[in-house]
Amino acid sequence: MRRLFVIFLLVSSAAFAQSDMLAREYFNNGDFEKALFEYKKLYAESPSNVNYINQIVSAHQELEQYTEAETFLLKLIQRVNYPAFKVDLGYNYQLKGDLEQATLYYNEALNSIEERPSNVFAVAKSFQGHTLLNETIQAYEKAMALKPDFNFNLQLAQLNGELGNIEEMFIGYVDFAEANPIALSNVKRFISDFISENGENENNILFRKILLKKMQQEPQVLWNQLLSWLFIQQKDYNKAFVQEKAIFMRQPESLDSIEDLAEIAMNEGELDIAKDILTFVTQTAQDTEMLLNAHYNLIQIETRQTPKKDYAIINEKYQELFSEFGLSSLTFKLQLGYAHFLAFSNNQPDKATSFLEDTLKLPLNQMQQAEVKLELGDILVLQEKFNNALIYYTQIQRNLKNSTISQEARFKVAKTSYYKGDFKWAESQLNILKASTSQLIANDALDLKLLITDNKYDGDSLQTALKMYAKADLLAFQNKEEEAIGLLNKILNEHKTEAIIPQALFKQAQLFEALEQFEQAKANYESIIENFSEGILVDDALFSLADIYENILNQPEKAKPLYEQIIFNHADSIYFVDARKRYRALRGDFIN
């Protein structure tokens, strides 16, 4: 008998769930009469289910049966003391056009919060569900005034944002962050929708004023953190650095955020401020690893900014650092940097190789050994000693299977084979790398594979144009930009009908940019856009050209239509998100 009863319950439960799904399907499909019928059946079985009650009222309202909804709600309110139903009844009167009755019931719902502050949760939710945002704000504010333990600053900030009350929104977010420091990253994310990269934007100025006022009233690190973050969004790294130093002076236990700021400035090409920040780290850091990392980044910047004729100064700085910190696994990264400088900047590949071979004799772990061999392989490619380079890359693959550095080594095997003109072997390696766990490697592998596949049989059994392009690519790797540009010119003049032309134009444009020959780069990008609009490089050309207009030639109005083309015609482009962000910033939108 008990077993039969259990079976009966299971069957009844399944039937009930099926009716619920059917009712939802009717409602979502706009078949409100059938939805109402099903929800009434469900309500009869479960008269305390708020969801069924709300759906019955909504179905009546969708069918413009306001009187029926009113009758239902009045009976419900007599039976159940649930103040949110008064909001629903008020909204029903509002739909009928009876604003006086609507206001009466809204006020009754708000007054219920005075009787019991916890009613705010149901009342505010109901107001917000009917998009009655001002009433929702009143509910939250009333509850917070009655019970200070309640903190609805986040909800109030979001509501004020929806209503366009920007100042109240900023204050709400800031107050919420003050009470909940752990939620600071979320607060930044919410605020980022209302500020832009333009420091003169009205919202940016308003937010900055609110923070400065807070700082005057009650100084604390939180305001410095938010100001620093705001200045970073505006790419004003000097001002961000001022705030980060102020934070450090009050909390000197960590330089992590200052180190992060230096990295951001470096990535954005703001090398002078990055140098100032890194110099501060070298003068302040107590941790040897952080100190060495700052010295490493500092000398990388100095190398980029120093003319080749003065490279002896860079060499001397490396020697000073090795003299101070020694040659050990601790200065491993600095040693790699020095070898790269010798080979790729100072034209001393043999000296670099000898230096790295000594580095390999140090007690390094497997990953460090692999990094040294990767650099040795690169130097051998630089010298066009391809077979020797392949030995090092292959050793890495064998010793560290399935690791990211192993995949990087495989890509370098493919690239080296491509430089040699062994396109078949290069393709076989690239096919494997398409599934790389590193998205960057996978993308690079796909790009190189497409380049080879699209051009190896382009009406030329000798693959002349592709071999010339690979040679130009190698010259670029060897920092011989002028020679690479000349060879690409030869391709453009002698192979005009071949598919490799847009690729040659794009590669040449990138080299022009590296040499700061922006007018020539611009002409190449324009040629791709005009003559190869259906090709795979058109979005690359559009974005690169827009970037030149916006950030080099200071002609933002010419950049806007180029970003717009990416947004509307190339939604699958890797540049889509950045193009939309930049376009909105140029247009003056608040949203990033």
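So, let's start with Lys 41: at 42% relative accessibility, Lys 41 counts as partly exposed, where buried means under 20% relative accessible area, exposed over 50%, and partly exposed in between (1.4 Å probe, protein chains only). Quick caveat: this is a predicted model, where local features need pLDDT of at least 70, side-chain atom pairs count only at pLDDT 80 or more, and totals for chains, interfaces and linings use all residues. Residues are numbered from 1 along each chain as its sequence is written, and side-chain values use heavy atoms, with hydrogens and water left out.

Okay, back to Lys 41. Its side chain forms a salt bridge with that of Glu 38, at 3.5 Å, N to O; a salt bridge here is a side-chain nitrogen of Lys or Arg within 4 Å of a carboxyl oxygen of Asp or Glu. Glu 38 is buried, at 9%. Helices, by the way, are DSSP runs (H or I, at least four residues), numbered from the N terminus.

How many salt bridges are there by this rule? The count is 23.

Now helix H29, residues 518–531: Glu 519 and Lys 522 are 3 residues apart there, again about one helical turn. Their side chains meet in a salt bridge at 3.7 Å, N to O. Glu 519 is partly exposed at 48%, while Lys 522 is buried at 14%.

Last one: Glu 550 and Arg 582 also form a salt bridge, 3.7 Å, N to O. This pair links distant parts of the chain, 32 residues apart, with Glu 550 in helix H30 (residues 538–552) and Arg 582 in helix H32 (residues 576–587).

Methods:
Helices (H or I, at least four residues) and strands (E, at least two) are DSSP runs, numbered from the N terminus.
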